[in-house]
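Please open the structure in your viewer and keep the selection tool at hand. The tour below moves from one selection to the next and says what is found at each stop.

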Amino acid sequence: MATEHAGILDGPDGKARCFWHGNLPDYLHYHDHEWGRPVTDDRRLFEKICLEGFQSGLSWLTILRKRENFREAFAGFDFDRVAAFTDEDVERLLGNAGIIRHRGKIVSTINNARRAREMVDEFGSLAAWFWKFEPGLDERPSVVDLAHLRANPTTAVSVRISKELKKRGWSFVGPTTVYAFMQAMGLVNDHLEGCYCRPEVEKERKRLKRPK
């Protein structure tokens with residue numbers, strides 16, 4: 001039987017999964033249907049990197065449960081619209097109890113929307129920029145297990161992306177935040193060995209047409 005000690009937890013349906021969802025229904029759904037599945041949609045990429053910034057110092061579950069509130073507050077994370085937010089919008093968002101009311105992170109999201117717009121003008125899409133950093137096989141572990149993940153909250157690639165984003169004026173994009181983004185958006189497959197989602201995600205990644 002799978003055990004949490006090994007980083008794998010049996011779900012209520014008997015399937016073995018990465019342990020971190022704790023069999024909480026909303027977290028379980030996120031693990032099964034979103035986390036690690038490759039994403040090339042610009043709006044979803046922008047949303048995720050912004051929400052990872054909001055998550056800093058908090059649990060992802062806290063953010064996940066407020067995600068619909070964030071989407072409503074930030075115009076569905078349409079970065080063209082968010083880039084036009086004003087100081088009045090910042091004050092409006094600081095009064096919104098449905099999101100994390102952190103001035104620095106709110107201002108950062110607006111700033112990052114403007115930087116995203118510049119990146120699209122230069123590269124055609126956010127997806128084209130982010131996916132060019134997809135790690136090669138020589139940059140990935142031979143086995144993805146709990147010990148590896150705990151020992152590697154950042155990677156050389158996430159450090160590189162973080163530095164490049166900061167050079168371009170992005171904020172709240174440290175290497176740990178960037179690696180969590182990479183894991184969630186499928187730039188890497190960090191479902192643990194033994195998790196039933198791992199081979200599914202691997203098939204999706206093999207079928208994926210990388211943006212250029």
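Begin by selecting helix 2 and helix 11, which are oblique to each other, a term used for angles that are neither under 35 degrees (roughly parallel), nor over 145 (roughly antiparallel), nor 65 to 115 (roughly perpendicular). Their axes come within 9 Å and cross at roughly 140°, where axes are lines fitted to C-alpha atoms, for helices over the stretch in contact, and angles run from 0 to 180 degrees between N-to-C directions. Helices here are DSSP runs of H or I with at least four residues, numbered from the N terminus.

This is a predicted model, in which local features need pLDDT of at least 70 and side-chain atom pairs count only at pLDDT 80 or more, while totals for chains, interfaces and linings use all residues. Residues are numbered from 1 along each chain as its sequence is written, and side-chain values use heavy atoms, with hydrogens and water left out.

Staying with this pair, note that helix 2 passes helix 11 in a right-handed crossing, meaning that the near helix is turned clockwise from the far one by less than a right angle. Now show the side chains of Leu45, Lys48, Ile49, Glu52 and Gly53 in helix 2, which meet Thr177, Ala180, Phe181 and Ala184 in helix 11; contact means heavy atoms within 4.5 Å. By class, these residues divide into 5 nonpolar, 2 polar and 2 charged, with Ala, Val, Leu, Ile, Met, Phe, Trp, Tyr, Cys and Pro counted as nonpolar, Asp, Glu, Lys and Arg as charged, and the others, Gly among them, as polar.

Next, centre the view on Gly53, which is found in helix 2 (residues 42–55). Is Gly53 buried or exposed? Gly53 is buried, with a relative accessible area of 4%, since buried means under 20%, exposed over 50% and partly exposed in between, for a 1.4 Å probe and protein chains only. Not counting residues up to four places away in sequence, Gly53 touches Lys105, Phe172 and Thr177.

Then select helix 10 (residues 156–167) together with helix 11 (residues 175–184), whose axes come within 8 Å and cross at roughly 115°. Helix 10 and helix 11 are therefore roughly perpendicular to each other, and their crossing is right-handed. On the helix 10 side, Val157, Ser158, Val159, Ile161, Ser162 and Leu165 meet Pro175, Val178, Tyr179 and Met182 of helix 11. This contact has 8 nonpolar, 2 polar and no charged residues.

From there, pick out Leu165, which, leaving aside its neighbours within four places in sequence, is in contact with Ile49, Met119, Trp129, Phe130, Trp170, Val173 and Val178. Phe74 and Leu165 have the most contacts inside the largest nonpolar core, which has 53 residues; such a core is a set of buried Ala, Val, Leu, Ile, Met, Phe, Trp, Tyr and Cys residues joined through side-chain atoms within 4.5 Å. Apart from it lies another core, of 8 residues, among them Cys18, Leu149, Leu192 and Cys195.

For the last stop, select Ser125, which lies in the loop between helix 7 and helix 8 (126–131). At 15% relative accessibility, Ser125 counts as buried. With neighbours within four places in sequence left aside, Ser125 is in contact with Asp42 and Val120.

How values were computed. Helices (H or I, at least four residues) and strands (E, at least two) are DSSP runs, numbered from the N terminus.
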